[in-house]
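Hi everyone, thanks for making time for this one.

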Amino acid sequence: MKEFSFGSYYPENSFVHKMDARVKILLSIAYIVAVFLVKNNTWINYLGFVPCLLFVIIVAVVSKIPFIKVVKSIKTIIFFVILSALLQIFFNKSGTPLWKNGFITDKGLYNAGYIFLRIVLVVMGASLLTFTTSPVEIADGIESLLTPLKLIKFPVHEFALVMSIALRFIPTLLDETDRIIKAQTSRGADFNSGNIFKKAKALIPILIPLLISSFRRADELADAMDARCYAGSKNRTKYKKMKLSLRDLIGTLFTALLIVGVCFL
Amino acid sequence: MSIIEVKNVSYTYDKTKFAVKNVSFDVKEGEYVAIIGHNGSGKSTLAKLFNALFVPTNGEIIVDGISTSQKDKLFEIRKKVGVVFQNPDNGIVASIVEDDIAFGPENIGVKREEIGERIDFALKTVGMEKFRYSSPDRLSGGQKQRIAIAGVLALKPKVIVLDESTAMLDPKGRQEILNVVKKLNKEQGVTVIAITHYMDEVLNADKVYVLDEGEIALQGTPREIFKEGAKIKSIGLELPLASFIAEKLRQAGVPVKDGILDKEELKGAICELK
């Protein structure tokens, strides 16, 4: 439990890791847009996915992340992806049937492949962001990107603080969960047998102590923050400043190249 | 000069029972004061009264000339009096050590460059420079608590209140914290108020207050306090081991002298007997 890392941050000292988190977030969005820009008409449009795949491979190589890790990132959604592809294959009635009176059409097959590639590429691209950027950096990046929302009175600082405190407490609460499970097990609780309802019910003696202790922690945290003069964003300074560098420019140009490539194919 | 004056202070949570009853004492600048009591003696309530997390129901606490009931001076008081709580896990706000220490100075609007200097200073004082970029989750209990102390030091307080800051630590962690606190008091002249229920932690103190049911039951130097073995026991506290052995020896008819604090003194006293 101690070694748990949120998301899937893969610490490495690479060009991409050192890029500004804000730029990486924006470029990830640009990449996703690029994947959705791939034209959707005939089989030849599949070529549009080639630059996207190349982009993912190149970024993975530059960030020194084993490509197999990037591929594995689709594990969690693979069921969903295959399901939507199958639905397209079996239930898409448009287009011409592949054989006489068959229910599988060429259009269905085409759509299935298209959806499959699109989702897989989006997830792989997004995973590159979480592989190369620590959760703290992502939270800071989001705070900085949301700053303009202060104009419409959106509590940007508070939002970012809540996010970073949540991240900070994930390992602590996991430890706590581990301890509660051990304590309950030692008193004879059984979490592994019975049907799904029995198992779900067995979770109650874990969740309730966890909930109560979270409230206690929140209370103590509030006192500790008060004691350290916390008063919201008013008159607050910031120790860490994010700086753009040449790296971010290069990354941006490279992503622009991808979008141009996709638009031409 | 008194840095904290506690004047006839009472505090109640629910208006029926007083957690702190009519307590008065002064803390002088640079003093090391220990407040000791068992669970429910009101000592943690007292800790929160020092930095205006609570305001006394009756009476008044004056910190460096400012009454804690002045709402507009809240942050001035909290800058002067830093509190280190029992569980460092619940006091650390950031996922990186230096970010956590920066939290206090950021709150009071210290400039960026100076925050950097304050982090250097705070980490050096608690001897944790090596861990500046680490995640607090990977540290031991004693190390985490040292980070929590550093987080308070970064506000440059005149007084540090330790609210049972060693209660959750192993003996090694406890010793680390006690050493840091002693150093702070002796070398930097920071006034220390250590709240605890471990008798052996009051040995470093200049003055000890024993709390019982919200009232001061005993006060004096550690030596004076430890002479009152019977009274301490009746309050539900334990003497440090050396004092306890000395008392048992006396009861068994061995004439060792009064007011023994640690094992060195006990050794000396036994050797004198011949």
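I'll go from the chains to the sheets, and then to the cores.

First, some housekeeping. This is a predicted model, where local features need pLDDT of at least 70 and side-chain atom pairs count only at pLDDT 80 or more, while totals for chains, interfaces and linings use all residues. Residues are numbered from 1 along each chain as its sequence is written, and chains are lettered from A and ligands numbered from 1 in the order in which they are written.

Let's begin with chain A. Its domain assignment gives domain 1 (21-146 + 245-264) and domain 2 (169-227); such bounds come from an automatic or database domain assignment. The C-alpha centres of these two domains of chain A lie 38 Å apart.

Now, how does chain B meet chain A? Here 32 residues of chain B are in contact with 26 residues of chain A, and contact means that the C-beta atoms, placed from the backbone, lie within 7 Å. On the chain B side, helix 2 (74-80), strand 6 (81-84), helix 3 (97-107), helix 4 (112-125) and helix 5 (141-153) each supply at least two residues. Helices (H or I, at least four residues) and strands (E, at least two) are DSSP runs, numbered from the N terminus. Helix 3 of chain B gives the largest share of that side, six residues.

On to the sheets of chain B. Six strands form an open sheet in the order 6-7-8-3-9-10, with mixed pairing; two strands pair if DSSP finds at least two bridges between them. At the edges sit strand 6 and strand 10 (215-220) of chain B, each pairing on one side only. Strand 9 (residues 207-212) of chain B runs antiparallel to strand 10 of chain B, joined by five bridges, and B:Tyr209 has B:Gln219 in strand 10 as its bridge partner.

Chain B has another open sheet, of four strands in the order 2-1-4-5, and its pairing is antiparallel. Its edge strands are strand 2 (18-28) and strand 5 (66-67) of chain B. Strand 1 (residues 2-12) of chain B pairs with strand 2 of chain B over seven bridges, in the antiparallel sense. In that pair, B:Val9 stands opposite B:Val23 of strand 2. Helix 1 of chain B packs on this sheet, touching strand 1, strand 2 and strand 4 (58-63) of chain B.

What about the cores? A nonpolar core is a set of buried Ala, Val, Leu, Ile, Met, Phe, Trp, Tyr and Cys residues joined through C-beta atoms within 7 Å. Buried means 20 or more other C-beta atoms within 10 Å of a residue's own, exposed means 12 or fewer, and partly exposed lies in between, with C-beta atoms placed from the backbone. The largest nonpolar core has 82 residues, and B:Ile35, B:Ile36, B:Ala150, B:Val161 and B:Ile193 have the most contacts inside it. Helix 5 of chain B supplies the largest share of this core, six residues. Beyond its neighbours within four places in sequence, B:Ile193 is in contact with residues including B:Val27, B:Phe50 and B:Val159. A second, separate core of 24 residues includes A:Ala34, A:Val35, A:Phe55 and A:Leu129.

How values were computed. Two residues are in contact if their C-beta atoms, placed from the backbone, lie within 7 Å. Axes are lines fitted to C-alpha atoms, for helices over the stretch in contact, and angles run from 0 to 180 degrees between N-to-C directions.
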